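Morning, everyone. I have one model to show you today, and I'll keep it short. Please have a look at it first.

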Amino acid sequence: MNIKSLGWNDEFESHLNSLNNDNYTPGRIIREHRKIYIVETEQGQLQAEVSGRFMHAAKCLSDFPAVGDWVALSVRPDEKRATIHARLPRKSSFSRKAVLSGSKKTDGGKTDEQVLAANIDKVFLVCGLDDNFNIRRIERYLSIAWDSGANPVIVLNKADVCPDVEACLEEVESVAIGVTILTVSAIEGSGLDQLRTCISPGKTAVFLGSSGVGKSTLINRLLGEDRLDTGGVRIADSRGRHTTIHRELIVLPSGGIVIDTPGLREIQAFGDEEGLSRTFSDIEELASHCRFADCQHQNEPGCAVRNAISSGELDESRFNSYLKLQKELAHLERRKDVKAQRQLYRERDKKYRQHSRENNELRKKGLA
Ligand code: GDP
Ligand code: ZN
């Protein structure tokens, strides 16, 4: 396997070179299962684990490799095994904020990120043009996509069952300013060529969207096969039992790469400020015309947002989903704040203890 076809490029090459170790081989994670990794390399698929030093240096969950990551390996070809010494910097990533198990709610609930997929170039937001069609959901997924650092494309699937594709398209256009929107039918095969050309060779894509919108069917169409399972990999777990697992990074016949992990499939809408602003740039623009800089857009005088709602220029439900997302973000921020404050107290405590220790010593010496 030529690693360029897996997405290897000059940028990753220079990251690897900066590690200054000629014995390192690059590999891309195609599957992770309880910290046992399957990596694709120029020497084929290998089973790998992180080195002791890596384990020791890792500060949080997101430091560990995830599917799509490039890593620096030392290879034991005879065993078909390898050790991961470093994870190369990520170009983009999709993560889920995880509340760490073991930490109590009263503890402020430490948040950590679990990376679901890394180094993604393109994200297809799939939405069904059937009963699933939901403009609010598209907004939220769009917000996730912007946060990841990858480029979003909206895929409206099941065009075959939609009586008025044009109307739906118009509605989506109004909430997805400047985003490419494709209408396709995985069943009938329409629009698939356009979809295919959106994933250039060597570029990596993910498909997001709620269950049943047709993600697997679309990926299978791109694969030209009728099964998502493209050949399992046999690995031995820590007790030496062999299990067959499925690769989660697939190279398409057209040269594009698709990552499809169970975690990504369940990804829930959350985001950060930037994603929110980009998704709701129209509302932020309106808000900049409110009379008060800290306008809450409730019933303040001179509120441009309220005015736009009453004139029909802004859809009230769009405004409500903006507020809802904002609330979720504020909640996550507060959690981070609690964590930051505890850290501050700990440091102050440490300084205080050090200070009194020094004072005591001086006193003993009769100097204070
Ligand atoms: P996933 O959960 O997003 O992976 O969705 P699936 O690919 O499993 O598809 C869910 C259902 O939708 C299946 O019964 C598919 O046959 C059906 N489906 C997928 N694409 C289309 C389409 O373009 N048109 C219609 N009518 N049905 C589709
Ligand atoms: Zn306002």
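His297 is buried, at 8% relative accessibility; buried means under 20% relative accessible area, with a 1.4 Å probe and protein chains only. Cys295 is buried too, with a relative accessible area of 8%.

A word on the source. This is a predicted model: local features need pLDDT of at least 70, side-chain atom pairs count only at pLDDT 80 or more, and totals for chains, interfaces and linings use all residues. Residues are numbered from 1 along each chain as written, chains are lettered from A and ligands numbered from 1 in written order, and side-chain values use heavy atoms, without hydrogens or water.

Now, what holds the zinc ion (ligand 2)? Cys290 (SG), Cys295 (SG), His297 (ND1) and Cys303 (SG) coordinate the ion at 2.1 to 2.4 Å. Donors here are N, O and S atoms within 2.8 Å of the metal (3.2 Å for Na, K and Ca). Along the chain, the donors are spaced C-x4-C-x1-H-x5-C. The site is tetrahedral, with angles of 103 to 116° among its four donor atoms. Tetrahedral requires all angles of four donors to lie between 85 and 135 degrees. The ideal is 109.5 degrees.

On to the sheet. Six strands form an open sheet, in the order β10-β9-β8-β11-β15-β14, with mixed pairing. Strands are DSSP runs of E, at least two residues; a pair needs at least two bridges. The edges are β10 (180–183) and β14 (249–251). Strands β8 (residues 122–128) and β11 (residues 204–208) pair in parallel over four bridges. There, Phe124 has Phe207 of β11 as its bridge partner.

Technical notes
Tetrahedral: all angles 85-135°; square planar, octahedral: opposite > 155°, others 65-115°. Buried < 20%, exposed > 50% of the residue type's maximum accessible area, 1.4 Å probe, protein only.
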